[in-house]
Amino acid sequence: MKKITLLLTCLFTTTLMLAQFEGSKQIFESPKLVQLTTGHKTVAILPFKASISYKRLPKNFDAQTNRDEERKLGSSLQSGMYTYLLRKSDDYTVTVQDVERTNVLLKQNEVFDKIDEMTPDALAKILGVDAVIKCAYAYEKTSSEGLAIAKTLLIGFGTGKVASGEMTMNVYNGADGDLLWRFYKEMNEDVMSSANAVMERMMRKVGRNFPYEIKK
């Protein structure tokens, strides 16, 4: 029991330490941001473009399995962002389209796997929304989870990092496809990270800079 308590304490401390040493966020706002977003009623979150790489390829690495994991991660992050925005819907001026509807419409129009080949305004027309949120997440695994846990137990805080991630979040105007807002953040991932945890942390970093947040 003492070992479990020690492990949880170390992992929690590690998470706090990793958050402190993450890179600073970068934000772009279009001069037309307020003017155009004022009339927006509904936005859609597109499936994330996720990439998974390794500092050192594992012995059992399989390219197809890696691509499957990337797709799974992209869907999980899309769902995680939707859950976060839905939970805080009273804080925003727009309604977020259900991601299941978004994905079905993309598949019905045979563009689910061709998002990068479509302009944002064309995607917004297919989805029937005023804006689209398009995100990318690049994930590089630097250590095994087992090794990270062992280091945390033996050495202490600051050693639970297993990967680094780069998150880019773009909001495009549905009428003309213009980029209205862009957010970029580098994040460290530890042994306790999950898609929902990553999204929770990112959206907290976005905070009041999110263009649809009701100003209080």
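A residue counts as buried when its relative accessible area is under 20%. Phe183 has a relative accessibility of 0%, so Phe183 is buried. The model described here is a predicted one, and all values below are computed from it.

**Aromatic rings**

Six aromatic pairs occur in the structure. One of them joins Tyr92 and Phe210 in an edge-to-face arrangement, with 5.3 Å from centre to centre and 75° between the planes. This pair connects distant parts of the chain, since its partners are 118 residues apart. Tyr92 lies in the loop between helix 3 (63–87) and strand 4 (95–96), while Phe210 belongs to the segment after helix 7. Tyr92 is buried, because its relative accessibility of 9% falls under the 20% limit. Phe210 is buried too, at 3%.

Another pair is made by Trp181 and Phe183, and this one is stacked. The two pairs are set out in the table.

| Pair | Type | Centre to centre | Angle between planes |
|---|---|---|---|
| Tyr92 and Phe210 | edge-to-face | 5.3 Å | 75° |
| Trp181 and Phe183 | stacked | 6.0 Å | 10° |

Is Trp181 buried or exposed? Trp181 has a relative accessible area of 0% and is therefore buried. Ring pairs join Tyr92, Trp181, Phe183, Phe210 and Tyr212 into a cluster.

**Glu213**

Glu213 is also found in the segment after helix 7, which spans residues 195–206. The relative accessible area of Glu213 is 14%, so this residue is buried. Which residues does Glu213 touch, leaving aside those up to four places away in sequence? They are Asp91, Tyr92, Gly207 and Arg208. Tyr92, already described as a partner of Phe210 in an aromatic pair, is thus among the contacts of Glu213.

**A charge over a ring**

A ring can also meet a charged group. The charged end of Lys107 is placed over the ring of Phe112, at 4.9 Å from the ring centre.

**Helix 5**

Helix 5 covers residues 120–127, and its buried residues are Pro120, Leu123, Ala124 and Leu127. Why do they lie on the same side of helix 5? They take up an arc of only 100° around the axis, which places them on the same side of this helix. In an α-helix there are 3.6 residues a turn, so residues three or four places apart point the same way. After helix 5 comes Gly128, which has a positive phi near 70°.

Notes. Residues are numbered from 1 along each chain as its sequence is written. This is a predicted model: local features need pLDDT of at least 70, side-chain atom pairs count only at pLDDT 80 or more; totals for chains, interfaces and linings use all residues. Side-chain values use heavy atoms; hydrogens and water are left out. Buried means under 20% relative accessible area, exposed over 50%, partly exposed in between (1.4 Å probe, protein chains only). Helices (H or I, at least four residues) and strands (E, at least two) are DSSP runs, numbered from the N terminus. The arc is that of the directions from the helix axis to the C-beta atoms. Contact means heavy atoms within 4.5 Å. Rings of Phe, Tyr and Trp (its six-membered ring) pair if their centres lie within 6.5 Å; planes under 30 degrees apart count as stacked, over 60 as edge-to-face and the rest as tilted. A charge sits over a ring if NZ of Lys or CZ of Arg is within 6 Å of the ring centre and within 35 degrees of the ring normal.
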